[in-house]
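Here are my notebook entries from a first walk through this model. Follow along in the viewer as you read.

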Amino acid sequence: MSLLTAVSRRSPRALVTTVVLGVTSAGLYLLLFLFSDMLLELAAATRRGEKLAALVPVAIAMIFSFVHGAFTGHFWDLLGLRAKK
Amino acid sequence: MDNIQFIDLNATTALILFLVGFVGGMVSGFIGSGGAFVLTPAMMSMGVPGVVAVASNMAHKFPKALVGAYKRNKYGQVDVKLGIIMGIFAEGGVLFGKHVMVDIREAFGAAGTNLYVSLVFVVVLGIVGLLVLRDGLREKRGESVDKAPKQLNPLVRWVRGLYIPGTMIYFKSMDAKVSFLVLVPLGFATGLLAATIAVGGFIGVPAMMYVLGLPALVASATELVIAFVMGLGGSFFYALDGFVDIRLSMIILAGSLFGIQIGAIGTTYVKDYVVKFVMAVIMLLVLVSRFFYIPGYLSELGAVEQLAAETVRLLDVIGEGTLAFALILGAVMILQALYQGMREHRLAEAVATLPETALAGAGAPAGVFLNAASTPFAAPAASASPLLSPLGRFERFLVASDGSQFSAAAVREAIAMARKCGSEVHVMSLVATGVEHEGLGEAILKQEMDMAQAYLEQVREQAAAAQVACETHLIHGQTVDQEIVDLADHLKADVIVMGRRGRRGLARMMLGHATAQVIGRAHCNVLVVPRAAKVEGRHIVLATDGSRFAETAAITAASLARFCQAKITVISVIKPSYGVERRVEAEQAVERVVVHMNSEGISAEATVLDGHPAEIIAGVAREKNADLIVTGSHGRTGLERVLLGSTSERILNETPCAVLVVKAS
């Protein structure tokens with residue numbers, strides 16, 4: 001079964017959900033790269049004693065995990081890669 | 001401590017990290033434990049200091065654990081209390097482990113922590129890798145190593161028999177009280193290992209299985225709670241000292257989440273010993289790769305004679321090469337196993353599909369298992385019903401059940417209704433696949449499958465006793481509601497029957513749940529049966545708002561009332577703020593329905609009331625001692641449902657009786 005066949009067998013809703021999640025995930029990664037210097041500065045600031053900045057990486061990890069995790073799950077599902085019974 | 005050097009990130013390093021994350025994730029999903037033993041050394045090989053590699057790894061793992069724990073808890077496999085308590089003690093281990101790392105770093109510099117992490121890796125991977133290899137060999141020879149113990153081992157019996165006043169806590173997973181003092185060293189050791197190499201599960205899961213006597217399924221699911229609690233705390237503590245390079249964590253996460261799905265799916269296509277072989281090979285190769293770095297670290301620390309820069313560089317290259325080889329070999333072994341397994345499975349299914357298709361339909365034998373992924377859905381045989389219109393037809397019920405007490409009533413009522421209507425019943429159970437399979441191996445997945453299959457078998461027997469034709473479907477999937485709707489479409493089911501969980505308010509709005517989602521998405525009717533509800537055909541309450549959705553509901557209610565010889569109360573509720581015009585419209589709408597019912601020989605009465613629709617409709621149902629509320633659905637899902645709300649859902653929240661949500665075709 002080709003990938004295109006697999007995709008076409010899924011509902012349009014599944015495709016839309018996957019695309020929306022994919023775009024959101026890509027957007028988050030774009031922001032991560034754009035603000036990477038700021039993130040390094042935050043880590044340095046934490047070492048200098050600004051301890052509240054430690055919450056930033058924890059929050060980023062949570063948000064990315066949920067969005068990107070949902071995307072990858074839908075992505076493989078859309079391509080028809082699923083567990084055997 | 002400001003001398004931490006985060007690596008420069010460019011397109012090449014990002015791509016390498018992504019690929020490493022992908023393979024690490026794949027290994028993780030395949031062998032059932034965190035891929036940190038691949039990821040941490042790989043990051044270190046790229047020049048990331050040991051402490052930063054461990055901290056960044058931890059930061060990418062804990063949110064995944066939360067998602068996994070949440071999902072597995074829905075299947076009743078998590079002992080949340082035990083997970084949290086162990087997690088808190090593990091936090092102590094993490095704190096201690098982190099201090100050890102920081103102290104070593106301050107005393108001996110980066111080479112000190114690198115050496116420490118490498119040595120722990122060598123010891124742990126050596127022990128675990130050899131044990132896994134031994135198990136794999138024994139299994140290949142046909143000796144079972146996963147036999148369920150007939151009785152608890154002596155250590156478990158001793159732990160459960162230990163009574164220390166004031167420290168005993170009851171745990172539902174063991175159905176016993178255990179002193180929390182026993183949990184202190186177990187949790188602490190788990191946390192200590194996690195803080196050192198970011199893989200606490202190597203201690204946590206075996207400890208829960210062999211010291212506390214938990215089944216593997218519950219131990220691995222509970223480990224996810226521990227991993228979340230200690231990972232959250234650990235990441236935060238490491239972040240407090242600025243050790244978390246969140247850029248690295250997130251790039252690794254990007255690859256890892258793609259890989260983990262492939263690995264987890266791969267386990268379902270291969271034999272258990274294959275998983276163990278792959279695990280042992282990767283572990284032992286990673287161990288070997290670490291050996292090549294140790295002389296360099298020792299030389300840097302001055303513990304051995306100073307090595308020439310070229311020698312150190314050469315050893316590093318060999319180490320990197322060995323690690324790369326381990327990763328590539330692991331990836332190839334997994335992909336090959338997956339490809340082969342899928343190919344064999346497809347061939348087997350192609351053979352099985354023919355008779356299955358021919359037999360599908362009312363006369364089909366029970367116990368036809370479908371795989372939503374790769375079995376082409378065969379259209380059911382054409383209906384022999386005298387009713388040509390799908391409206392109000394109840395010939396094929398699809399019961400979605402998770403085996404819990406919440407869906408027991410749905411199963412019971414579906415069988416009872418099917419018996420009355422002479423309908424056939426399809427019962428489906430879903431085994432989740434997805435991110436939560438981190439921490440799960442094939443053996444555990446198999447247990448889950450066996451449980452679901454045993455449950456379906458039990459339902460099939462229940463249906464057979466009631467002389468109802470029944471087929472069972474064991475489905476794999478990630479999105480429960482989508483799988484239910486897909487199967488209903490495939491079977492051309494007339495009604496989906498589901499249970500109802502007790503969640504209300506904000507939680508329902510934020511999280512939604514399968515029942516609400518199915519109501520929104522289904523193309524056929526949905527009957528929601530709360531735990532205590534019984535559909536006996538005493539009295540039906542039909543809610544109408546005059547819309548085309550309500551008209552369809554009225555036709556369906558009429559069909560049911562005729563069949564059960566039940567009375568119908570047709571109700572329309574208007575809000576106090578509405579004008580006289582709306583009231584007149586509502587009165588006309590209910591009157592029109594009542595006239596139609598009476599013309600069909602059904603006893604019906606009309607009423608128009610003021611107030612909140614859901615409360616009023618539930619109140620009338622209570623007053624009339626009704627056992628079924630029928631309502632139309634506007635089919636809202638997603639944001640629209642959040643913003644506009646769903647009357648059907650609110651009725652479900654308000655009433656203890658069954659609710660049939662009729663979809664306009």
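I started with B:Asn625, which I found in the loop between α21 and β11 (628-633) of chain B. The phi of B:Asn625 is near 55°, a positive value in a residue other than glycine. B:Asn625 has a relative accessible area of 48%, so I noted it as partly exposed. For these labels, buried means under 20% relative accessible area, exposed over 50%, and partly exposed in between, with a 1.4 Å probe and protein chains only.

A note on the ground rules: this is a predicted model, where local features need pLDDT of at least 70, side-chain atom pairs count only at pLDDT 80 or more, and totals for chains, interfaces and linings use all residues. Residues are numbered from 1 along each chain as its sequence is written, chains are lettered from A and ligands numbered from 1 in the order in which they are written, and side-chain values use heavy atoms, leaving out hydrogens and water.

Next I looked up B:Asp175, in the loop between β1 (168-171) and β2 (176-179) of chain B. Its phi is near 50°, again positive in a residue other than glycine. B:Asp175 counts as exposed, at 57% relative accessibility.

Back to α21 (residues 613-623) of chain B: this helix packs against α23 (residues 647-654) of chain B at an angle of about 50°, with the axes 8 Å apart. That angle makes α21(B) oblique to α23(B). Axes are lines fitted to C-alpha atoms, for helices over the stretch in contact, and angles run from 0 to 180 degrees between N-to-C directions. Under 35 degrees is roughly parallel, over 145 roughly antiparallel, 65 to 115 roughly perpendicular, and the rest oblique.

Which residues make the contact of α21(B) with α23(B)? I listed B:Pro613, B:Ala614, B:Glu615, B:Ile617 and B:Ala618 from α21(B), and B:Thr647, B:Arg650, B:Ile651 and B:Glu654 from α23(B). Contact means heavy atoms within 4.5 Å. By class, I have 5 nonpolar, 1 polar and 3 charged residues there. (Ala, Val, Leu, Ile, Met, Phe, Trp, Tyr, Cys and Pro count as nonpolar, Asp, Glu, Lys and Arg as charged, and the others, Gly among them, as polar.)

I then turned to α7 (residues 180-197) and α8 (residues 201-210) of chain B, whose axes come within 7 Å and cross at roughly 155°. α7(B) and α8(B) are therefore roughly antiparallel to each other. In this pair, B:Leu186, B:Ala189, B:Thr190 and B:Leu193 of α7(B) meet B:Phe202, B:Ile203, B:Gly204 and B:Ala207 of α8(B). The contact divides into 6 nonpolar, 2 polar and no charged residues.

Is A:His68 buried or exposed? It is buried, with a relative accessible area of 4%. Leaving aside residues up to four places away in sequence, A:His68 touches A:Ser25 and A:Tyr29, along with B:Leu253, B:Ala254, B:Leu257 and B:Phe258.

Last, some totals. Chain A has 4 helices and 0 strands, and 47% of its 85 residues are buried. Chain B has 23 helices and 12 strands, and 58% of its 665 residues count as buried.

Technical notes:
Helices (H or I, at least four residues) and strands (E, at least two) are DSSP runs, numbered from the N terminus.
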